[in-house]
Amino acid sequence: MYESVDKPMIGKSVNQKKSIESIRLHLTQQFNLPLEQIDMLLPTFIATLGTHMGNLEKALAENNPVLLGKVGHTIKGAFLNLGLPDCAQIALTIEEKGRQGGSLTDFKKLVEDLRLLIKPVLE
Amino acid sequence: MTKKLKFLIVEDEFISRTLLKEMLAPFGDCHTATNGDDAVNVLRHSYDEPNGRYDLVCLDIMMPGKNGHEVLKELRQIEISKGIQGADTTKVFMITALDDAKNIMEALVVGRCEAYLTKPVSRTRLEEQLRDLQLIEQGAEDV
C-alpha cells in the first residue's frame, strides 16, 4: 500500500513535494520496490537528473548537436523510469533533432521547455 | 530452492541501472557495466572461472563505446568459440526505449536475444520474462 512519508520532504517547497510524491508513487507502482528502498534511492535519482540537465546545458553551450542528441537519449530513459512522460517526449525530440543536426534555435527552445518542466523537481 | 543466478546489467544511465539491479537482486548476484567495452571484457573473463558464466545479461542498446548489438554479437561469438550452445548459452534481454522498433528487430533476428524490454521496465514484465525462460520458478520471489 502506498503511504505518505514526510521525512524525505523536510525543507522542500510545495511544488517540489508534489513532484517528488508523484515520482515516488510511480516508482512504487512501476517497480514494486519497498518504500524504504525508494526513499533511500530517490535523493540520488533527483541528483542524477540534475547532472543530466547539467550535461544538456553544457552540450547546448557548446552548440554540439551530436552531444545534445546523445544526452537527450540518456535523459529520456531517466525520465521514463521516473514517470515523467512529458519530459521524456521533449528529450526524445532533442535526441531526434540531434541525430538530424538540428539548429541552435531549436535546441535552445527545447532545453528551455525542459528546464521549466523539470524545475519543480530540481528546485 | 531455486539456483542463485548471476546477472550482468549493462546500462550507462544510473537510474535505469540501479532500478534493474534492485529488481533482480532478490534472485541472484548482480554485476554491472556502464559501457559496451567493459561489458565484453567482463563477459570474456567470466568463462575463466568455474560456473562463472552469466545466466542473464540485460543489455541497453545505445551506449558509449560498443553498442548493445555489438556486445550481443561478441557474446555469441565467444560462446561459439567455446563450444557453448543451446540451453547453456547466456540469455539476453535487450533494454530499450519505446521508439526503438528497428533496434529491437535487429536484436531479435540478428543477435538472437531472448527478449526485449522497453523502458520503464516494470517488475511484473521483468519477472514474467524470467519465468518464461525458466530462470525463476512460478511464484519465486527470492532465493
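## Helices H2 and H3 of chain A

In this predicted model, the axes of H2(A) and helix H3 (residues 65-81) of chain A come within 9 Å and cross at roughly 160 degrees. Axes here are lines fitted to C-alpha atoms, for helices over the stretch in contact, and angles run from 0 to 180 degrees between N-to-C directions. Helices (H or I, at least four residues) and strands (E, at least two) are DSSP runs, numbered from the N terminus. The angle makes H2(A) roughly antiparallel to H3(A); angles under 35 degrees count as roughly parallel, over 145 as roughly antiparallel, 65 to 115 as roughly perpendicular and the rest as oblique.

The crossing of these two helices, H2(A) and H3(A), is left-handed, a name used if the near helix is turned anticlockwise from the far one by less than a right angle, with right-handed used if clockwise. On the H2(A) side, the contact includes Thr48(A), Leu49(A) and His52(A), and on the H3(A) side it includes Leu67(A), Leu68(A) and Val71(A). Residues are in contact if their C-beta atoms, placed from the backbone, lie within 7 Å. Sorted by class, this contact of H2(A) with H3(A) has nine nonpolar, four polar and no charged residues. (Ala, Val, Leu, Ile, Met, Phe, Trp, Tyr, Cys and Pro count as nonpolar, Asp, Glu, Lys and Arg as charged, and the others, Gly among them, as polar.)

## Helices H1 and H2 of chain A

Now look at helix H1 (residues 14-31) of chain A, which packs with helix H2 (residues 35-61) of chain A at an angle of about 130 degrees, their axes 10 Å apart. H1(A) and H2(A) are therefore oblique to each other, and H1(A) passes H2(A) in a right-handed crossing. From H1(A) the contact is made by Ile20(A), Arg24(A), Leu27(A) and Thr28(A), and from H2(A) by Leu35(A), Ile38(A) and Leu42(A). That gives five nonpolar, one polar and one charged residues.

In the loop between H1 and H2 of chain A you will find Asn32(A). Asn32(A) has a positive phi of about 50 degrees, although it is not a glycine. Most residues other than glycine have a negative phi, and most peptide bonds are trans.

## The sheet of chain B

Over in chain B, five strands form an open sheet with parallel pairing, in the order E2-E1-E3-E4-E5. Two strands pair if DSSP finds at least two bridges between them. Strand E2 (28-33) and strand E5 (115-118) of chain B each have a single partner strand, so one side of each is left without a neighbour in the sheet. From one strand to the next, the twist averages 20 degrees.

Strand E4 (residues 91-96) of chain B pairs with E5(B) in the parallel sense over four bridges, and Ile95(B) stands opposite Leu117(B) in E5(B). Helix H3 (residues 68-81) of chain B packs on the sheet, touching strand E1 (5-10), strand E3 (56-60) and E4 of chain B.

A cis peptide bond joins Lys119(B) and Pro120(B), with omega about 0 degrees. Pro120(B) is found in the loop between E5 and helix H5 (123-132) of chain B.

## Where the chains meet

The contact between the chains takes 16 residues from chain B and 17 residues from chain A. Helix H1 (residues 14-24) of chain B gives the largest share of chain B's side, seven residues.

## Confidence and numbering

Chain B averages a pLDDT of 89, and 90% of its residues score at least 70; pLDDT is the predictor's confidence in each residue, from 0 to 100. The model scores ipTM 0.86 and pTM 0.88.

Residues are numbered from 1 along each chain as its sequence is written, while chains are lettered from A and ligands numbered from 1 in the order in which they are written. As this is a predicted model, local features need pLDDT of at least 70 and side-chain atom pairs count only at pLDDT 80 or more, while totals for chains, interfaces and linings use all residues.

Methods:
Two residues are in contact if their C-beta atoms, placed from the backbone, lie within 7 Å.
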